[in-house]
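Here is a briefing on selected local features of one protein model. Please look over the sequence and the coordinates first.

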Amino acid sequence: YSAAVRVGGTACESSTWVSDSSLLCRLSRGIGKRLSLSVSSGLSWASSSLHFSFDLPVINSSSAHNVPSTGHVSITLSGLNFGHCSTCVNISMSSGGAGSSISWFSDTSVVSLSPAFVGVNLRPFVTVHDQAVSASFGVSANAPSILAVSQLNVPTTGHAVLLVSGVNFGVYNNSASARVGQSVCFSTTWISDSQLSCSVAAGSAHVGSLPMVASIGNQMSEEASNSTLIVYDSFVVQGIAPRTLPTTGSSYVTFSGTGFGVSDYSSRAMI
């Protein structure tokens with residue numbers, strides 16, 4: 001009776017009548033889940049309450065596990081069941097995240113440009129039509145790195161605004177912060193993937209040279225090199241009162257000047 005079977009909107013490659021209660025369908029290639037089944041016999045069509053799903057995509061490996069935060073690096077994901085429609089495949093670094101363009105495609109591998117992102121061990125997501133899976137492994141953005149600081153000497157009162165230059169600060173503000181030594185900047189402003197500004201906290205010269213460290217998302221830069229170590233200005237004594245003291249000692253002397261710090265740093269004086 002010219003029996004035919006459709007899965008979703010696609011006819012089987014071949015449909016064979018077997019008996020009054022059975023038909024054999026050789027599936028066409030496809031993607032998707034919970035696809036409706038319909039059967040025709042002669043001129044009549046009937047839909048089934050049953051649904052059919054193609055196998056989920058599987059991600060086995062990635063050609064890269066570290067990429068620049070700016071993205072646009074070619075990554076090959078290898079696996080199974082990526083389907084036959086390049087416009088139906090989306091790759092992202094989070095569930096529902098922004099995808100990237102597909103430059104080459106087959107049922108077992110997809111080549112795309114990595115999206116811009118920051119973070120460590122983010123699992124790539126592959127979505128084929130309406131079926132999404134994540135990889136069992138992670139891909140990380142390269143850690144931020146500080147290359148230069150606009151000035152290396154700052155006042156002990158803080159609030160000096162430093163322009164911090166480097167790489168992998170991200171293409172958008174992702175909770176960027178910076179610190180000098182262990183003191184977090186009063187404020188940190190993300191400018192671009194290569195620049196931040198930091199309003200330094202108050203400090204003291206007695207602590208010596210301090211590294212500048214940047215934190216982007218959940219990634220922290222390594223402590224900066226000697227060329228970017230920050231030093232608080234040394235104190236300057238401008239006056240002493242009184243100028244004359246009894247030889248018996250036990251008298252108080254007041255030193256005036258600049259750079260003594262904004263809190264008690266266990267200062268000592270000698271006469």
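This is a predicted model: local features need pLDDT of at least 70, side-chain atom pairs count only at pLDDT 80 or more; totals for chains, interfaces and linings use all residues.

Residues are numbered from 1 along each chain as its sequence is written, and side-chain values use heavy atoms, without hydrogens or water.

**Strands and sheet**

- Strands are DSSP runs (E, at least two residues; helices are H or I, at least four), numbered from the N terminus.
- Two strands pair if DSSP finds at least two bridges between them.
- β10, β13 and β14 form an open, antiparallel sheet in the order β10-β13-β14.
- β10 (89-92) and β14 (131-134) are the edges; each has a single partner strand, so one side of each lacks a neighbour in the sheet.
- Neighbouring strands here are turned by 15° against each other on average, direction ignored. Axes are lines fitted to C-alpha atoms (for helices, over the stretch in contact), and angles run from 0 to 180 degrees between N-to-C directions.
- Four bridges join β13 (residues 125-128) to β14. Val128 has Gln131 as its bridge partner in β14.
- β21 (residues 187-192) and β22 (residues 195-199) pair antiparallel over five bridges. They form a hairpin with two residues between them, and Ser192 stands opposite Gln195.

**Aromatic pair**

- Ring centres must lie within 6.5 Å to pair; planes under 30 degrees apart are stacked, over 60 edge-to-face, the rest tilted (Phe, Tyr and the six-membered ring of Trp).
- The whole structure holds one aromatic pair.
- Buried means under 20% relative accessible area, exposed over 50%, and partly exposed in between (1.4 Å probe, protein chains only).
- Phe54 is buried at 17%, whereas Phe52 is partly exposed at 27%.

**Backbone exceptions**

- Most residues other than glycine have a negative phi, and most peptide bonds are trans.
- Arg34 has a positive phi of about 50°. It sits in the loop between β4 (22-26) and β5 (35-41), and is exposed at 57% relative accessibility.
- His129 has a positive phi near 60°. It lies in the loop between β13 and β14, and is partly exposed at 47%.
- The Ala241 to Pro242 peptide bond is cis, with omega near -5°. Pro242 is in the loop between β26 and β27 (254-258).
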